[in-house]
Amino acid sequence: MTIQLDHAYRDCRRVAAAHGRTYFLATRLLEPERRPAVHALYAFARMVDDIVDAADAPAHAEESAAQLDRIEYELRGHLARIPARLPRAGSGRAGHTTPDHAPSITLDRPSSAAQDRVLLAVSDTIRRYSIAAEHFWVFLDSMRMDIPGSPQYRDRYPSMAALREYMRGSAAAIGLQLLPVLGTVVPREDAEPAAAALGEAFQLTNFLRDTAEDLDRGRIYLPADELAAFDVDADLLQHCRRTGHTDPRVRRALAHLIAVNRGIYRFATPGIELLSPRVRPAIRTAAILYGGILDEIEHADYAIFTCRAVVPQHRRLRIAAKEFAAAHPLLRRAD
């Protein structure tokens with residue numbers, strides 16, 4: 001690994017450690033050679049997510065959309081092994097030929113050095129593990145659905161089917177990106193449905209936990225038809241946010257959606273056994289900890305409008321230690 005690439009991977013590790021506590025803890029259970037790739041995938045998703053979050057400010061929405069276009073262009077350039085830099089406007093230099101499916105670039109600004117390093121690491125990960133690039137384009141398309149003013153923008157989802165279409169890129173694609181890194185004991189395509197479902201399960205847990213925060217940003221990721229079955233609508237959710245009180249109807253709707261979420265986990269978790277034995281403890285830990293967020297919502301009597309459900313650190317460490325202890329003999333034999 002070159003010094004430049006090694007530095008890029010170290011940057012990605014710092015991002016994962018700083019922002020993905022549950023994710024980073026689970027990653028520690030992987031053997032060292034797999035960790036950099038997982039950190040790179042996380043850092044890429046986090047970088048894009050931060051850009052999308054900045055789009056909530058109206059003055060930044062157009063710039064955020066252009067940044068996503070540039071990131072896609074440059075990632076395609078990395079993967080095509082061509083220079084990915086665009087000339088500054090008025091420089092008088094002819095630009096590189098844009099890859100056939102790359103978006104039109106409108107932002108007259110190079111990417112930051114930090115973005116360059118993440119792109120370097122993630123493109124190396126994609127090549128090293130033969131990850132299908134399509135999973136990254138689908139992911140970026142879903143992220144554009146979060147940028148106000150973009151043609152794809154959505155701030156409401158009428159049904160679970162519509163939400164799952166969004167999660168196909170925002171969550172399922174993440175599971176499919178990770179799968180080649182983790183490895184499988186069956187043909188990869190046999191493990192893909194469970195990997196995609198586990199990504200969706202994690203995402204829906206986030207939506208339930210972050211309902212209040214999303215309302216503050218003018219978004220509702222809980223499907224409207226599922227809420228309507230309990231006489232819940234956007235106005236009632238906003239009322240709960242203002243008062244800090246979870247209406248009984250909202251409580252029943254949340255209980256229902258938690259049950260739906262657990263159903264997705266039940267479908268996904270048997271797929272952990274399809275993964276390489278050495279990675280199973282890490283993924284099982286992540287599934288248990290994310291599922292634990294649902295437990296915390298219930299234990300708090302669904303008070304999602306006043307507090308953010310978090311699995312206590314002592315429980316996170318206990319679960320991780322238990323999985324590590326179970327895996328330790330296996331790791332020693334494999335070494």
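Predicted model: local features only at pLDDT ≥ 70, side-chain atom pairs only at ≥ 80, totals over all residues.

In which crossing, left-handed or right-handed, does H12 pass H13?

Reply: H12 passes H13 in a left-handed crossing. Helix H12 covers residues 248–268, and it packs against H13 at an angle of about 165°, the axes being 11 Å apart. Angles over 145 degrees count as roughly antiparallel. H12 is therefore roughly antiparallel to H13. On the H12 side the contact is made by Ile258, Asn261, Arg262 and Tyr265. H13 contributes Ala287, Tyr290, Gly291, Leu294, Asp295, Ile297 and Glu298. By class, the residues of this contact are six nonpolar, two polar and three charged.

H13 (residues 280–299) also packs with helix H8 (residues 188–209): their axes come within 10 Å and cross at roughly 30°. Angles under 35 degrees count as roughly parallel. H8 and H13 are therefore roughly parallel to each other. The crossing of this pair is left-handed. From H8, the residues in contact are Leu198, Phe202, Thr205, Asn206, Leu208 and Arg209. They meet Ile283, Ala286, Ala287, Tyr290, Ile293, Leu294 and Ile297 of H13. This contact has 10 nonpolar, two polar and one charged residues.

Another helix pair is H3 (residues 35–54) and H5 (residues 113–129), whose axes come within 9 Å and cross at roughly 135°. That angle makes H3 oblique to H5. H3 passes H5 in a left-handed crossing. Ala37, Ala40, Leu41, Ala43, Phe44, Met47 and Ile51 of H3 meet Gln115, Val118, Leu119, Ala121, Val122, Thr125 and Tyr129 of H5. The contact of H3 with H5 divides into 12 nonpolar, two polar and no charged residues.

As for the cavity, the count of those of 30 Å³ or more comes to one. The largest cavity has a volume of about 30 Å³. Its lining consists of Phe207, Thr211, Asp214, Leu215, Arg219, Ile220, Tyr221 and Leu222. Helix H9 (residues 211–216) gives the largest share of this lining, three residues. By class, the lining has five nonpolar, one polar and two charged residues.

Key: Residues numbered from 1 in each chain as written. Heavy atoms only, no water. 1 Å grid on protein atoms, 1.4 Å probe; cavity = no way out; pocket = protein on both sides within 12 Å on 5 of 7 lines; lining within 4 Å. Points joined across faces, edges and corners; volume = space filled by probe spheres on them. Helix = DSSP H or I, 4+ residues; strand = E, 2+ residues; numbered from the N terminus. Nonpolar A, V, L, I, M, F, W, Y, C, P; charged D, E, K, R; others polar. Axes fitted to C-alpha atoms, helices over the stretch in contact; angles between N-to-C directions. Parallel < 35°, antiparallel > 145°, perpendicular 65-115°, else oblique. Left-handed = near helix turned anticlockwise from the far one by under 90°. Contact = heavy atoms within 4.5 Å.
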